[in-house]
Amino acid sequence: MSYGEAIERTLFTSDEIRRAVERLAAAIGADFRGQPLLLLGVLKGALYVTADLARSLSLQKDGPSEIRIDYLAVSSYGNAARSSGEVRILRDTSENITGKNVVIVEDIVDNGHTIAYLAGLLRDRAPRSLRTCVLFDKPYHRQASVTLDYVGLTAPDAFVVGYGLDYQERYRNLPFLALLRSWVFSE
Ligand code: PRP
């Protein structure tokens with residue numbers, strides 16, 4: 001069976017996502033004009049948005065003076081559909097973030113536990129500044145108190161896949177955001 005048969009509907013096309021990433025880059029670029037910046041992507045989901053954001057930022061004439069990229073890996077969902085609030089660090093940053101301008105980059109924020117936990121953890125390491133950036137916001141079931149400084153798009157209150165987001169490790173590589181057909185979940 002082809003990938004396409006599992007997809008119910010495209011929610012945001014790759015063009016719409018590209019434009020949202022460019023808007024995020026413009027906002028971040030304006031705030032960090034002439035300053036060095038570390039983009040800290042949260043794996044695995046933020047793999048694509050972090051890379052595309054970094055490339056979009058590097059094209060800006062008056063953006064940050066230097067862009068570094070690092071990743072950390074966490075697991076909050078496992079294979080469950082909603083995160084439990086328990087966040088585990090699977091891989092920490094390789095950069096020392098003390099004294100740096102750091103933007104945490106997430107693919108999605110749902111109940112907010114993951115980014116709230118990470119922001120607390122990273123703040124304790126005394127970065128010069130710490131901001132949060134999310135491509136797809138799902139604000140419907142927030143449990144943790146979080147400030148999202150840069151928000152790309154609002155996703156519907158549904159299980160979405162693509163552009164980094166998976167269902168049981170599949171569909172991350174889709175270049176668009178999509179809804180899956182219901183039979184996929186009972187396979
Ligand atoms: C997803 C996503 C965020 C988190 C958001 O990660 O990438 O990190 O869930 O959920 P929350 O706001 O409800 O805490 P996941 O644990 O699925 O890992 P993955 O990125 O490796 O798929």
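Is R18 buried, partly exposed or exposed? R18 is partly exposed, because its relative accessible area is 40%; buried means under 20% relative accessible area, exposed over 50% and partly exposed in between, with a 1.4 Å probe and protein chains only. The model is predicted, so local features need pLDDT of at least 70 and side-chain atom pairs count only at pLDDT 80 or more, while totals for chains, interfaces and linings use all residues. Residues are numbered from 1 along each chain as its sequence is written, and side-chain values use heavy atoms, with hydrogens and water left out.

**Salt bridges**

- A search of the whole structure finds 12 salt bridges, a salt bridge being a side-chain nitrogen of Lys or Arg within 4 Å of a carboxyl oxygen of Asp or Glu.
- One of these joins the side chains of E22 and R18, with 3.3 Å from N to O.
- Both E22 and R18 belong to helix α1 (residues 14–31), where they are four residues apart, about one turn of the helix; helices (H or I, at least four residues) and strands (E, at least two) are DSSP runs, numbered from the N terminus.
- E22 counts as partly exposed because its relative accessibility is 37%.
- In helix α2, D52 and R55 are three residues apart, about one turn of the helix, and their side chains form a salt bridge of 2.3 Å, N to O.
- D52 is partly exposed at 24% relative accessibility, whereas R55 is exposed at 54%.
- A further salt bridge links the side chains of E95 and K100 at 2.8 Å, N to O.
- With a relative accessible area of 16%, E95 is buried, while K100 is partly exposed at 25%.
- Salt bridges with shared partners also join K44, D166, E169 and R172 into one network.

**Aromatic pairs**

- A pair of aromatic rings is described by the distance of the centres and the angle of the planes.
- The structure contains five aromatic pairs; rings of Phe, Tyr and Trp (its six-membered ring) pair if their centres lie within 6.5 Å, and planes under 30 degrees apart count as stacked, over 60 as edge-to-face and the rest as tilted.
- The pair of F159 and Y167 is edge-to-face, because the ring centres are 5.7 Å apart and the planes stand at 85°.
- F159 is partly exposed at a relative accessible area of 24%, and Y167 is buried at 11%.
- Y167 and F185 also form an edge-to-face pair, since their ring centres are 4.8 Å apart and their planes are at 70°.
- Y167 lies in the loop between β8 (160–161) and β9 (177–180) and F185 in the segment after β9, so this pair ties together parts that are 18 residues apart in sequence.
- F185 is partly exposed, at 34% relative accessibility.
- F159, Y167 and F185 are linked into a cluster by ring pairs.

**Two loop residues**

- N111 is located in the loop between β5 (101–109) and α3 (113–123) and counts as buried because its relative accessibility is 6%.
- A polar atom of the N111 side chain lies 2.9 Å from the backbone nitrogen of H113.
- L59, in the loop between α2 (47–58) and β3 (66–75), is exposed with a relative accessible area of 73%.
- From C-alpha to C-alpha, L59 and A25 are 9.5 Å apart in space, and they are 34 residues apart in sequence.

Note on methods
A polar contact is a pair of N or O atoms within 3.5 Å; within protein, one must be able to donate a hydrogen and the other to accept it, and residues adjacent in sequence count only if both atoms are side-chain atoms.
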